[in-house]
Amino acid sequence: MSAIPALKYGDFEAPKIIALTAINKPKVIKAGKPVIKKDSSNGGVPFFTNYRIDEGLPVNNIICSATDKSGNLWFGTGGGGVSRFDGKSFTNYSIAQGLSGNNVFCIMEDANRNIWIGTTSGLSKYDGYHFTNYSTMDGLASNFVTCILQESNRNIWFGTQDGGVSKFDGNTFTNYNTRQGLADNYVRCIKQDDKGNLWFGTDSGGVSKYDGSHFINYTKKQGLADNTVNCITEDNAQNLWFGTNSGASKYNGEVFTNFTTKQGLPNNSISCIIQDKDGMIWLASHSKEITKYDGVKFTNYTRTVSLTDFKVNSLI
């Protein structure tokens, strides 16, 4: 199916640009001493280091996280804007500095080292000096931006809560939704695989694969664990992992292998999945634990062992 005609700036208002000045300069807070949790099963070595408001975060509710090419950590919060941590200090940005909104659901650094921040009130691009803000007035599919990905050709994709996805080529937005074949207009996550296909995890329609011209949708009928897909990652063997509300699904391109509490997961509601440099798969749940999977068994970490809170929203 063909896409909706591209939405051009000429058809909409120009995006709003807000510069950082002495008046709205963000506050830099030297990080306080964090709470360090040790791994009792490994000789008591430090394992989790916990940071909260007392250490410099604007709020304790962290929704998303990302790293930039300078090694900074970025944290999107529920109500406090976005926080940058350089290893020593937190620098906090909010609507007072020009951010679109204080509820931040996604963060990504692009190839030009701009930081893109998706909020419930629109989209912000931060170049280190200015915030450039985009909304539906500029062609964005929806102001509630849930996920961001830059593909290999440098187009940037934005998933939204109710408008499908927007592709931005630097000048125009092209929007895709269920009319073009997307499984659902609430897009929770985006991933580009090793072959260049884009995968869109949705709220209730399963996952959509987009090859540049066609959408192919996968649901429980094809073997996916659940039609609510919260996260997607690709491992070193080019398997795709989908975190759902009913466990994790591993897809090898032909069949789905599903993991639930029956296989060792502590909880079936999976919020995020990553693979570390040693090849371990880490899964976090919406409610209780972080889990490490070594290909054979699951090792579960809970709040009583080392975590700072019951809900884990993001892993990097």
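The structure holds five salt bridges, a salt bridge being a side-chain nitrogen of Lys or Arg within 4 Å of a carboxyl oxygen of Asp or Glu. This is a predicted model, in which local features need pLDDT of at least 70, side-chain atom pairs count only at pLDDT 80 or more, and totals for chains, interfaces and linings use all residues. Residues are numbered from 1 along each chain as its sequence is written, and side-chain values use heavy atoms, with hydrogens and water left out.

Trainee: Which residue forms a salt bridge with K69?

Mentor: Happy to start there! K69 sits in the loop between β6 (62-67) and β7 (73-77), and its partner is in strand β10 (residues 104-109), 40 residues apart. Strands here are DSSP runs (E, at least two residues), numbered from the N terminus. The closest N and O atoms are 3.6 Å apart, and the partner is E109.

Trainee: Is E109 buried or exposed?

Mentor: Let's set the cut-offs: buried means under 20% relative accessible area, exposed over 50%, and partly exposed in between (1.4 Å probe, protein chains only). K69 has 52% relative accessibility and so counts as exposed. E109 is at 15%, so E109 counts as buried.

Trainee: How far apart are the closest N and O atoms of D203 and R188?

Mentor: Good one to look at in the model. D203 lies in the loop between β19 and β20, and R188 in strand β18 (residues 187-192), so the pair ties together parts that are 15 residues apart in sequence. D203 is partly exposed at 22%, and R188 is partly exposed at 27%. The closest N and O atoms are separated by 2.7 Å.

Trainee: In β20, what is the bridge partner of F200?

Mentor: Strand β19 (residues 198-202) pairs with β20 in the antiparallel sense over four bridges, where pairing requires at least two DSSP bridges between the strands. In β20 (residues 207-210), V207 and K209 on one side and S208 and Y210 on the other are all buried. The bridge partner of F200 is S208.

Trainee: Which residue in β21 stands opposite Y210?

Mentor: Four bridges join β20 to strand β21 (residues 215-218), and the two run antiparallel. In their hairpin, with four residues between the strands, G212 takes a positive phi near 105 degrees. Opposite Y210 stands F215.
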